[in-house]
Structure formats: structure tokens, C-alpha cells
Amino acid sequence: MSQATLRVQKISGHAGSVPGEDTQREYTVCKLIDTTTCIGCKACEVACMEWNDLPFGETVFDNTYQTMPETRWNYWNLILFNEHVREEDGSLMWLMRKNQCMHCAEPGCLAACPADGAIIQYTNGIVDFQQANCIGCGYCITGCPFDIPKMNPKTHRVFKCTLCTDRVSEGLEPACIKSCPTGCLHFGTKDDMLDLAGKRAKQLREHSHFPNAGVYDPPGVGGTGVIYVLHDATKPEIYGGLPKDPHVPWTVKLWKGPLKWLGNVAMVGGLIGLFVHYLRYGPKAREEEDINPGGKP
Amino acid sequence: MSTSEQIIPHGHVLRYALKERLTHWVAAVAYLYLLATGLAFWSPWLFWVAVILGGAPVSRMLHPWAGLIFFAAVWNMYVMWAPQMKHTDVDKAWWKAVRYYSTNQDDKMPPAGRYNAGQKFLFWGFFWSAVALLATGVVLWFPEYIPWNLRFLRYISVLIHPAAALFTVGLFLIHVYMGVFAERGAFGSVIRGDVSIAFAKRYHPGWYKEIVGQSSTPRK
Amino acid sequence: MTNGWVDIKNTDMMLIMGGNPAENHPCGFKWAIEAKRNRNAKMIVVDPRFTRTASVADLFCQIRAGADIAFLGGVIRYAIENNRIAKDYLLNYTNAAFIVKDGFKLPEADGVFSGFDAKSQTYEKSSWNYAGGDASGKPVPEAHATVAHPSNGAPPPAPALPEKVAYDFSLQNPNCVFQLLKKHYSRYTPEMVERITGIPKDQFEKAADLFTSVRKNGDMKKAATIIYAVGWTHHTFGTQIIRTAAMLQLLLGNVGRAGGGVNALRGHSNIQGATDMAGIFDNLPGYLKVPTPADISFEAWAKRVTPKPAKPGKWDSFNYWGNTPKFAVSFLKAMYGDAATKQNDWAFEYLPKVDRNYSWVYLWDNMYNGILKGLFAFGMNGVAIGPDSRKNIEALKKADWLVVGEIYPDETSEFWKSPGITTDEMKRIQTTVYRLPCAGFAEKDGTFTNSARWLQWKNAALPMPGDCRLDQAIVAQIFLKVRELYKKDPGKFPDPVLKLTWNYTDPSNPSLAEVLKEINGKTFVDAEDPATKVQLKAGQQVPGFAWLKDDGTTACGNWIYCGSYTEAGNLTARRDAGDPSGLGIHQNWAWSWPANRRVLYNRASCDGDGKPWDPTRRQVWWNESTQKWVGNDVPDFKVDSKPKDHMGPFIMNPEGVGRIFAPLGAFADGPFPEFYEPIESPIDNPLHPQQTHNPVVKRFKTPDDKYGTPKDGYTVVCTTYRLTEHYHYWTKNNPMNVQLVPEPFVEIPVEMAEEMGLRGGEKLKVSSVRGSYIAKAMVTKRIKQMMIDGKKTYQIGIPIHWGYRGIAEDEGKTALTPANLLSPTVVDPNAYTPEFKGFLVKVERA
Amino acid sequence: MNPTRRDFFKITTVGGAAAAVFGFDLKPAFAQLRTLKIARASETRSTCPYCSVSCGVIIYTIGDRAKNVTPQVVHVEGDPDHPINRGTLCPKGASLEQDILNERRLLKPQVRRPGGTDWEDISWDDALNEIAAKVKKTRDDTFIERDAAGHTVNRCESIAWTGGCTDTNEFNYLVVKSMRALGVVHLENQARV
């Protein structure tokens, strides 16, 4: 998983081929979040802030332990707190879910982005925003099914979790992973994390009265570089609105797919059509006729 | 503008007053900028256009403002021309005969007024597209302020905005083709404001009759 | 902690109660999660609130704050009733079979043990003793020794434990500890537990069943741990809660074992070290008992504080405190060096004598009453810490001077501009306040002792900002200046000041490594260990406390830290993370007191023959071939004591065994823990309504000391605590932590909020009879309305982290009301810890 | 760090040739290099000052400890070798950088005189001299050599020391020594509460 040559396999808004595609043996990296052992301590939130030297912002008490309602351009990693009463026995659960960029295999942000090189996906799966190339259009915000990219209102650049590319490229784990006191965060290859997650889910089903425990790795976005173990994988919504079947919005797909080709064909076709029309029919009248009219006024 | 003032010497008639020409060119310049930057965001193959126009972030910043200018111009056109753009029976006949129009057999066309049905279509096409582009453009201007539970607004906007834009591109191509290539004199009319009487008679006989009926004495 | 942080990974069962490690010790809590993940260990959380710890528990019970003894007593009863006890362990490693002498009375009927004197609110404890036994263990009649009253007015010699204790290994004797225990807790039925704690009977039984399930069918392989923190100590019966837990663990045979023990999670980085080093009035370093005025000579003191073995005749007892004189002399030699000689009683007269309570709340009371004139507060924010912040502010107004050493502006140094004080009043406050800028942790080296008793050396990373000075330099400079003044003008009793050893290379800024060497101790003469033939030269560091002598040839600042900085160097700085046994012992990482042992009483992890109860978790064992105790950990035992000699594993007790019954003066309020209500309680004690509170707890008498009752309208039980995002009164200066939790709040049950028509985020005012606290409401399902003794009762919770100086405070985002304006000045009679938890308040909209 | 060494892709887009003509850089770097900010910082092993777990922390400071550098903290992170925390930290430990680099730190000695309504600056020498004088005077005024029963007590009840939770053992030892030598009995610590 060495990142000594961190290569790019997808580039947003890019014409032509992607040089890094298929050029390298590379493992996909993955972050595993075991919500069943998360204690909502927010060490990951702080580690993220500190590592990335993000500026502090204002927060207001809002009847919750949650730091703020949603992630911000300068707050990429937020634990969502939800008090949930189990239907089975009326017992209380306090669900905590670390929310951040999911590093989708098929990222909606990247698909939606028109700026050449503003969003890139490395061959190890990390989806990274390149603010230098960002044009501030915010299409990524629309493309993302997880509500992750956030705009800095002052600079009009979009920010989100980078999965600590600077650390990962040096062979270190992301800052949040390192900080997690209970080890509910884990980092490794996607295969290893799926294996670990599967085992943990099995343990929860067999030993902890969570018959629906399972792994969240939504296929709608091609799987994610961040996977969850959930007490109840049939109800991801209870974890602060984790979408059950996330996918890139169909309008975005339509826009970036059929509409694009239709539009291109129409525009080019229109130009050609008009040109041919001119060749065939020419102007409606000779220019001179119009300028020097035959009759007197 | 009273029609009597439209007859000008040397066999010309005034077709567009200064205000109209200005409005047109404001809209045109804005539209060209919008088209260029919009196309840059539309296709990676045209992204370089934005780079040339001062860089993509600048394009992204100015595109919405240009859009506002464009819409203001279109709105002004609406205020000026909407009454003249009403669909008439002549227009119905015009559409029926549109194939003669497109094959330069203008003599077979019903007598169009100041605007023929095609121009009216262009006008309304641009107008409604502009409305749609403005509405969706505002959403796309500030996507970060659209709350998550209203995200469908963003979803429909990303579809409608380019679709509407594409529609205008079609209108625009035809408009430019007609104005610059097909109807010699039309381009001059939106520059100088006047057209030749022949032009008026040929393309807008109804309108010409109207003017002449009002006043037969050209103004000195 | 008897065990350690990493050791928690070895457990099969956790009872977390009176503590919230997920929030307050997250990085230690990882090992609880590891146990869950790797051993399928179960976690039971009992707390007034559904905490973040509860969020990962297998079973949660919401208890009324302060009802812990009732819960634990109920579990003891359940374990006995259902025979979920460790029989062999109980017989051999505890005093369960010991016979208590006639005349001892349980508090069944009237709520007090035998010997209570209502007028002085104290116990005469002579009946809390074992019966003396003959060779077969049968009780022998007590010798009526004539007690000679010394003519000088000194009290008669304290009653002592019998040298040979009567016992009954069948545990049938009605006066044996086990039968007394059974009888004592027979009243703690599940119904009674429900009435007191508010935990429904079936839920309590589920918890009791789950916890004691480790001893199902007499199985000894599994180990259960009990983890607690200040949720237990902050009560007027705090020590007794912890004792109940210890007793339960002895009953289940969990003490001394990997994954077992009674584990106090200390709240701060070095308060374990501060306790060890006796930064408290009632101890000298290494838990030596402080001398009293009646200790008229070193010998008298040593005699009083050095216990004699007391055990069944045929057993052996190491009685390690028998070495007390060696530690005491070595300490005095470290203090006074050559000025401490046998001739002058090792300078014993230099030590101040203590026969009164000078503990925390008494300190403030004495200041309030004008006895105390000058206060040094170094990193100790007494106003915010409380209890009863108002009283502490009033006290400071009466002081002559206050010296604060701090890194941030704090409430204590600015008491004179606390909210409500007008300029006129300020001008009347005559206290001189010095505020000295100290060094932050990163700018200092030295050792901290963690909860697991590990001393870890840290390094200074960067220079101090501005004009700050190292704390040790400040103290040294003040002391040296005082000493200079005494050299010029002898004043009162200058000798201890003039003769204190202070021969550091740079006396005005002592190197902490040098100080640690002094703490470890050295020998003044050549010495040899008779067993190992290891030799030391005069002036060398001693390798361990076994080398300390009572003849003045050794000096040691703190005997339990002896071995930390030897001729081998600074062992607290060791960084070998190796752990060959996989038990998380990490023998060569830093250094652990005592003698680098990582699990205390680890002899008890083996059966009578010296074989580990659980062969998969081998800590120590008896090696038949070498005739020695060996192991992965350092045996906490006499290494050559053969199993057949039957030496008790609890070597610090004169009995050698664990005390289920705590005899004589061990505790002020009873040899068995009894449930008493907090000093402010919503109900009378259901066990004995005529004795609701701990009978020996005294109330304070100043006009600022008030205590509320339900009759006055104070009906809501209030508990205080910390959040994981904040650290006491410190991180309110840290913008990162302030962003995480920006404002003070009060957690209240949904039912209560509905009754008040209050929504989350709206402001409310919590008032105790002493003061008010204003903050926003957090309406939550995590605190439920409770039924206490049939009465609907609400509990609320207040995080303590705000005051009147801090980022949010300075920006005007809080009401500037420290939480401890609410808490009462009243303390646990054993540890003198204030009752910060479970006092009464009323709640209104603000 | 040398970007070229890292082999990040920088690709010339269509229109690259136009760059010279229009004066724009038409070669966006696809992956902008984010350098590891602690790559050559100095590491100091320390212990977190907050709770009693005593997590190992690494304090990263600028400079390589060369003589001409004043170290300043750039990052604090858990010590992965530490057997207890194994590199992890809690939200308080993880924010230690802000504790070290804090604009609210007290930086100079101050005094509030009797009746004063504000802090005044004072030199260290003056402060320590005044404190020492007050200690001596208070002690001499109130020292108790014998109690009512005539026993030697040699104590000073009028001075108190309250120590904090983050005082090192060695510091506490110095406090115990000096305070006990003065006869101070009001000796307390966060350990109690």
C-alpha cells in the first residue's frame, strides 16, 4: 500500500485519458468505523482539526452532545449523536456515528465536477479535493449523496476530508484513525477491513443481541472507502440519516450522461446542419438587394 | 416610438430604436459570455475556454452575474416586445408554411408583421429559458445554502439549467444564422437600427404596410 | 487501581459504576472495549445517567446518585444466596472465617454499629475486633488487661488486634465474618434495592446474575473487574462504597487476578502521585501515618504506626508494614540528612504533629474562620473546585495573602472580582494576591504516576513563553528566601527550615532527575544483601525498599518509589514496550510501584498450591524446583514463602488476608459498609428511617454552610460530572475544546421538561440552598424519571466545567455561575472527600 | 520535500500550446502536494497532563534542536509505542497543541494589592521577596510549638498549600519537604477532591 507514487485514476472535468489509470498495482485503502464501539468522544474530530490546522469556528449549544448540526468546510469530521429507543424492548441506545467523506468508489462529487483536476481519485481509492483547481461551482455538493463537500463562503472553495493524503502517502494512517481511543476506527486495505467488519458483525449477532448487525458498504456508489459496522444494518437511517441506498442523484447521472451526449450531438449537429443549409440554400436574398433596393421608397 | 418616425431617408426604415438595439447587444454580449463559460463548465473538452477567459474560478464567479445581466436584458425585451409577440392567425399560417421559409421561398410565406412566427418563437424560447435559467441558476449559484432536505432543488437544477441552456443554444444558432447569414440586412438592422424598404417588404410585409399606412412622408 | 489499564483487556466481566471511563478515561477505556471484542466480556454500567460508557454496555441500570452501597450490598446478598462465591479463596485469602468478638453489633435495628456515641458522633471501636483464638482457632476469653492511664494525659493505648485470631473454617459460627456479612446484607433484598436505588427489581436481578455469573458452579477461571472513579468517592460514605466493591470482589475471588481487581480510575494525571507523595495533610510520603502530638518520640510514633501480625495461629503473615520504622527513618534522613541522628530522634520534633482534620474543606473553613492567613494555590483552583464556591470566595476575602501559580487566569486568583462583587466591595477586600506564571506540562520534565501506579518520566519539549518560571524553581526560590530570612532573624523554631536538606546542584532550580534520585534513596554506607550477596557502595542509589534501614544508614524520600531511580539509571524513563506474556504487564515500560509490580496482591491469582486459577492467564506461580515465586509479573509476595506455610496474599494487612470485616480503627463509620442517604436526600433511609445519614458525618457551622431538605422544596437529586470534551476548569481556555462544547448546560429528563413546559436549549435555573446555577437545558431520554421508595423522583446532571474566567465566560456566553455554588460542604469521614454528587436542588425556568 | 521526487502527475491539458499566446497557465497540477507537516520536526516524548491514564504523547516542534532555533510546537500526537494509549488520544489530549500554544497563558508575575481593583505587574524578585517575607511573618506570628496538653506540635496552621493535579512527583516532593519544614499542616491536593 505504499504511496510513494500516489497516482491518479480519476480526474474531474478532464478531457482525454487519465494517465494514472491502470498503471499500477495498488490496494484500495479503507477506513472501518465500528459504531458499536464508538463512544462519541470526538477525539477524531479534534485530531482532524489539529492535523489539518483547520481554523476554529463558533458553535452553539443545541440540546445535544453533537458539536454542530453538520460538517463544515473547516470541520470535516463530525460525530452524529442520536438517542434511539429500540423497538424490540424499549431500551435506549445512544448511537454515535462518525460522519465524514465516504470516499466512494464511484464518487458523485467527481462525476459532477466540471473543473479540470479539482477532484481526483487516487489509485488507492482516496477521493481528494484540489482547492487550487476548484472553481467554486459547488456541483460536487449536488453530486454527493452524503452531504459532505462544504463551501468556504469567503474563498469559494470546497473542502472535505482528504483521508489525510499527506499522511497516507508517507505510510501513516489518517489522523482520526490514529487518535481513536477505543479502536472503533480502523485503517487498512478494503479487503482486510471488509473481513474485519464482517467478523465484528458476526460477533455482534452471536454474542450481543444484535441480530441485524451488519456492514455498510453501499453498492449504489460502487462501495465506499469508509465502511461502517452497524448494530442494525437494516436501518442505517437511525444513525443520523445514513442513506439506506445511496447513489449519485439520477439527475446528475442524466446530466453528465445522456444529456451531455445529446447536447453535444445536438450542438454539433445544429452547426453542421446550418452550414449545410447555407451551402444548399444560401442567403434568402442577395446582400445588394437589401442595401440597394430595386424600387424607390 | 411612433411609427411615423420610423421612415428614414434613402429608402430605409427604422426597425430597431436605440433602446432596443442596446438591449439586444447587452443580452447578446452577456449571452456570449454565458455561452462560452457555460460551455466550459459543460464539457471538459471546452474547459480551456474558461481558462482563457481569465481562469475558471473567475468564470464561475462572473457567470451568475452575467446571467443576471442577461436576464435583465431579456426582461427588458419582454417589457418592450411582449405585446408584439402575441401569437396571431398569421403566425399559425406561417408555421404551416415554415418549410417554404426554410427553403428561401419567402414569397410563399404569409405576410409577417414586425416579427414573424419564428422570431416570436425565438423570443418566447429565450424568455422562458431565461426564466428557467435564472431560477435554476440561483440554486446553482448558492448550492451550499440549499438545505439537505431541499436537495431536490439542486438535483432538478443541474438538469434543467443545462437543458434550458442547450435549448437556447439551438435558438441562438438559428438566430445568428438567420441574422447574419440568411437574412442579409438583419445584422445591420440591429447595429444601425434601420433596414431597407426591400428588406421590410420582403420579410415583414405586414409591418411595412403598417408603417406606410401610418405615414407616407419620410422625415427629413 | 489494584491492576492496570492494559490489564482490563484480560477481564470477562466488568461492573462500571461510580465512574464514566468512556468519557473521562477514553484511552484507558480502550482495554474494556478490547475485552469485549476479544473475549466477549460483558459490561454492566450502573450510573445515574445513560453515559457514553453506557452506550457500549451490555446492561445499563439507572441508579439514584448515592445509592451505590444498596446496589452492591444487594449483589453481595445475591452472590451468597446463589452460592456464586469463591469458596477456597474466601477461606484462605480473606478473613471470612475469622471470628468477631462478642459485643459487636450490626446496625440492623437502629442504623448504627456497636460503640456509637451520639453526642460526639463517633464510634468507640473496641468491639469491632476479632476474638483471640487458641491453637485450634477456638475463641478464648478476653484477658481483662488493666488499662493504665498514663499520667501525662495521653489517651490509653489503642486496642490492638489479637495476635492469634479465632476462626471457623466451616463458616458456620454465627460470629464469623462470613455469617455476619450474610446477616448484614440479608436486608438488602431486591425489593429493598429497588426502593433505595430506583432500579427495578428484575433489572437489578439481571445485573446481579450477570456479574456473579463468573462464579457459576464454583468455576474459578473467569475474572471480573469493578471499575469506579469519583462517582463513588464524592459521597459522605464514599470510602464505604469502595469497600463494598472490594468485599464483593473478595467474595468472588477477583482480587489479585489478571482481569480482576478493584480499579479506581483517578481523575487527574498525577493525583495518584500526589497521594503517594503525601501532598495531603494526613500522610507522609509512602502512606506513612502522620505523627500526632501524643507521639512524644520517634519510638512512640513508630510503635503506634507499626502493626503486629494478627492471624490464625498456624498461618503466616508477611505484615509488610512491620517495616515501617525503616521507611520512617529513611524519610527523615532524606529530609534532614546529617541533622537527623539517632541521638536527636531522627529530627522527629521537626515534623509538625497533626491531631486535627486539616483536609480540603476544613482548610477553607479555617480560612473562613480566620485561622488560616496565607494560601499557596499551585494549579489548584479552589473556588471552582468547591464545594460551595461561595464559601470559598468568602474565605479568601478574609485571608491575608494568596499566592497562585497558574498557567491561565483562573477563578481563585480573581476571586476578588468574582461576579457580584462591586468596586466598593473590592476596595474593602484586603487580601494580597500574587499570580505567578508557571510552566505548562510540555515545558517541564519529571514523573507522573498514573492510575495503574506507573511512574513515567516525561521530557521538556520547548521553552516557557514570556516570563514564566518552572514550578520547582518558584518553590525553591521562595523556600531559599524564607531560609535566608530565618538565617538573619531566627523567629520561631527555625531549625527545620535551616536544616532541611537542599543540596541540589542548582538549589534555586533543582533538577527533577536529581530530586527523583533523592526520592529513590541511597545508602550512606557500604551494604550487602545477605540473600543475593549484591553489594552497594556508600553513596549509591538503593535498588529497592528492602534495602532501607532504620539505623540511619539509608535515606529515602518515599519508600514506595524506592527502586525507581537506581544505579541502573532512571527506570521511570524506560521505553521497552515488550509484553512476552501477552497479559499487558509491560514489565520494562517505565516503572511501577511497589517494586515494579503491575498487579497488586498477585499471589491471590494462584490457588493454595501456588498454581494459577486460570492457566491461560499466568501472572505469578510457585516454582517447585527453585522454591521461589516467579512469574511474568513481580510477585507481590515474599518470594520464598512456601505455599504450605500459608502466608496470606494481602501482605500489607497484619492478617495477611483480605478484609471483608474491617476491624478496629480502619474506618470511622463501621466495619461493614451500611447504606446511608446522602446528607441531602429526597427520602428517609428505608433501612432505618431514624438513622438516615452516615452517623459520624458532621455538618459545618458557618453562616455559609446550609443544607437543604425536601421540605424546603429541594426535591430534585443533582449530580455533577465532567465531560469527555473538557478537562475540569482548564480546557475552558482551549479554543478547540470550547468549540466542541461551547456552553454550560444541565441535563434533565424529558418527563421533567414536559412538566415544566421546557424545551431543549432554553435556560433554566438550578438552585440549592447555597446558590444558583444558570445554564441551558439539555432535555434527554438518557436520564429517566425514577421511583424512589415509591416516590416519583427526578435526577438532573450538571457538567462542572465553567466558571467566570474562560473563553466562553470572557465572551459573555455563560451566566458566570460555577457549578460548585450548589454543592454542600460536607465530607466522607474516612477520606474527607466532599459530597459533590447527590445533593438536592430545585429547578425553575430562568 | 521535493515534489518531483514524489511522481505526482502534472498533465498538460488541451490548449497547452495556447499558454504562451494568452499568458495563462493552462497546466493545472492535478494533485497538489500536501507535505507531511511533521516530516522533519523534532519529537519529544511527553505525558498527557489530563487524566490518570497518562497517555504517551509526542510533541512535535519546529527545528532540529539546532542552537539557532527556538522550538515552537507544530503538532501533538499520541505515542504509538506507549503500551496504554498505543498512539490514541482523547479529545482533550488531541488538542494539547492549543494548550501549549495558547494566547490566554499567563506570561508575567502580577500582584493585586489590598483594596486593589486590578492587577499590577511586579518583578519576580519583588514578588518572591514579598512572598517570603509574608511566609516568615505569618509563620512567626502564629507558630504553635505546644498544644494545650503540653505536647510538642511544632506546626503552622496559618499557611496552607494546595497543590494541583498536574504537579510532578518531584515537585510534590519538594513541596512536602519545604512545607513540612515550615510546619505547614494545611497541606492539600486535588487528590482529595
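Modeller: What follows takes a few labels in turn and sets each against its definition.

Modeller: The model is predicted, so local features need pLDDT of at least 70, side-chain atom pairs count only at pLDDT 80 or more, and totals for chains, interfaces and linings use all residues. Residues are numbered from 1 along each chain as its sequence is written, and chains are lettered from A and ligands numbered from 1 in the order in which they are written.

Biologist: Why is Ser54(D) called buried?

Modeller: A residue is buried if 20 or more other C-beta atoms, placed from the backbone, lie within 10 Å of its own, exposed if 12 or fewer, and partly exposed in between. Ser54(D) has 32 C-beta neighbours inside 10 Å and therefore counts as buried; its phi is positive, about 60°, although Ser54(D) is not a glycine.

Biologist: And what makes Asn63(A) partly exposed?

Modeller: Asn63(A) has 16 other C-beta atoms within 10 Å, and is therefore partly exposed. Asn63(A) too is not a glycine and has a positive phi of about 60°.

Biologist: How do you know that the span of α4(D) is close to the expected one?

Modeller: The expected span is 1.5 Å times one less than the number of residues, helices being DSSP runs of H or I with at least four residues, numbered from the N terminus. Helix α4 of chain D, residues 124–142, has 19 residues and reaches 27 Å from its first C-alpha to its last, close to the 27 Å expected.

Biologist: What makes the buried residues of α4(D) line one face?

Modeller: Seen down the axis, the buried residues of α4(D) fall within an arc of 160° (taken from the directions from the helix axis to the C-beta atoms), so they line one face of the helix. Among them are Ala127(D), Ile131(D) and Val135(D).

Terms used:
Helix = DSSP H or I, 4+ residues; strand = E, 2+ residues; numbered from the N terminus.
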